[in-house]
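I opened the notebook to look up a few local features, one at a time. The entries follow in the order I made them.

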Amino acid sequence: MTILFVMVAEVLIFVPSVATFRKNWLMERVVAAKVAALALEASGGAELPERLRQELLTTAGVHAVSVRRPEVRRLVLGMPDEKPVAEVFDLRDRNVVELIPDALAALVAPPGRLIRVIAAPDILRADEEIDVVIDETPLRAAEWRYARNIFWLSIIIAIMTSAAVYLALSKLLVAPMMRITRNMVAYRENPEDMTRIITPSGRDDEVGVAEKELANLQTQLSGLLREKARLANVGLAVSKINHDLRNILASAQLVSDRLATVPDPTVQRFVPRLIRALDRAITLCTNTMKYGRGGETPPNRTRVALGPLVDEVTESLGVEELKGVRLTVDIQPKIELYADRDQIFRVLANLLRNALEALREAEPAPEDPCVKISASQEGKRVVIKVSDNGPGVPAKAQENLFKAFQSVAKADGNGLGLVISAELVRAHGGDIRLEDTSRGASFVVTLPTTAGTRKRAFENAA
C-alpha cells in the first residue's frame, strides 16, 4: 500500500516535471539556435557555404532559425525542401501548468514531426524574439528517457519508503499489538493465574494506554474470579450447615408444638413467639437453599401494616439485646406497605441488630444510647429510618457498604447483613442508603405502598 501511495504521489509530481523538462529542452535548442545566428551575423553579411550552414543547424539541433525585431523579421538559417510544420508552440509568458497538455501529447506524437517554437530567452534583447523549427523526434525520445528515469527512481524511493514505514509500524504498532493479543489469548486460558496479567511497557501513547487498561482489567477480573471462588466455597459450606440446621429446627418445632398444649399461662405467653421464631428460621433456611441455587425468592406481596411489623421485630430481639438501650418508635398507625412481610422483617431486624451492636461496642460508650425507628409516607412510597447515636460507620466500610464480605465494620462480622437487606429492598422496587449524620448512623429504606412497581421491581431484582 505504501508503494502504491508513493507511486500515485510520484505521478502527480511527474506530470508537471515532464512539462518543465520539455520547456527546458526546447529553451536549450532556442539558445543554441541564437548562438548559431550570432555566428552568422558576425560574418558581416558574407554568404556562408552550404556545408557550414548545415553544420550550424545540426549543432543547434534545429531546422530553421529566424530572429524577430520590432522593425523586421529575418530568416537567419534555413534548410531547403523542409516538410511542413505540424504544430506551433509559443513559450512566451506560459507557466508549467499550461505546458502540461503539450508535454503529454509529445510522448505519443508520431516520429519525424516538425514543430515551430517561439521564445524570448534571457540572452536576447528585450525587444527580440527567436523563432525556430525543430524535429520533435529527439524531444520525444528525451521525454521517454526522462519518464523511465523518473519511474525507476520512483520505484526505488517507494520501496525504501515502504520498507521504512513497514519497519516503523512493525516496531511501534504491530509488535506491541501482537504482544497484547498473545497475552489476551494466554490470559483467557487461565484468568485466575496472576502471572498471566500483562506488564505495561510504560509507553505514553495509545498502545501504552491500552496496555495499562488491559492490566487493570485483568487484575480486577482475576480478583473477582478469586472472590467468586471463595464465595462458592462459602456457599457450599453454608448449604451443608443449612441442611443440618433445618433438621435441628424441625426437631425444635416439634417440641414447641408440644409446649403449646401445656396449660401454664407463662408457657402460653411465650410459646407463640417461639413458634413464630422457629417458623421464620425454617423459612430462612429453605430460602437460603433456594438463594444458593438462584437468588432470593421473589417477594410474595401483601398489605402489611408497618407499626405491628416493627413491634414484632423489636420483640424478636429479646430483652437482653435491648438491655441499656433506649428504643424509640415513631410510626403512624395508618402507614402500610405492599411487600413481603417476612423479607421486610429480615431487613428491619438486620438494621436494628446492627444499630444495637454498634452501641454496645462503641468506645467510649454514649451517655444515653438510643435507637430510633421512624417512618413517613411520601406519595406512593414509605421512608423508614433506623438511626442510632453510636460511633457511626467507618469511612473505609462506607466504600463497600453493600458488597458481600467487604463491608465488615466489626471484627466478628461477615458483611452479609446489609448485602441481604439491600437485595431484598431492591427486589421490592425500593432503595436503601446510608444518610449523612453528625452523630451515629442512619439507614434510610424507601419502599412502595402500591402494586404499581411490582413488575419493574421484580425485573430489576432479576
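Leaving aside its neighbours within four places in sequence, which residues is Ser 374 in contact with? I looked this up in what is a predicted model. I found Asp 330, Ile 331, Val 383, Ile 384 and Lys 385 in contact with Ser 374.

I then placed Ser 374 and found that it belongs to strand S9, residues 370–378. I noted Ser 374 as buried because its relative accessibility is 17% and the cut-off for buried is under 20%.

Next I turned to a pair of helices. I looked up helix H7 (residues 306–317) and helix H9 (residues 341–361), whose axes come within 10 Å and cross at roughly 50°. I recorded the crossing of H7 and H9 as right-handed.

I listed who makes this contact. From H7 I wrote down Leu 306, Pro 308, Leu 309, Val 310, Glu 312, Val 313, Thr 314, Ser 316 and Leu 317. From H9 I wrote down Arg 341, Ile 344, Phe 345, Leu 348, Ala 349, Leu 352, Arg 353 and Leu 356. I sorted the residues of the contact of H7 with H9 into twelve nonpolar, two polar and three charged.

My last entry is on helix H11. Which residues of H11 (residues 417–427) are buried? I found Leu 418, Val 419, Ser 421, Ala 422, Leu 424, Val 425 and Ala 427 to be buried there. I also looked at what follows H11 and found Gly 429, with a positive phi near 80°.

Notes. Residues numbered from 1 in each chain as written. Predicted model: local features only at pLDDT ≥ 70, side-chain atom pairs only at ≥ 80, totals over all residues. Heavy atoms only, no water. Buried < 20%, exposed > 50% of the residue type's maximum accessible area, 1.4 Å probe, protein only. Helix = DSSP H or I, 4+ residues; strand = E, 2+ residues; numbered from the N terminus. Axes fitted to C-alpha atoms, helices over the stretch in contact; angles between N-to-C directions. Left-handed = near helix turned anticlockwise from the far one by under 90°. Contact = heavy atoms within 4.5 Å. Nonpolar A, V, L, I, M, F, W, Y, C, P; charged D, E, K, R; others polar.
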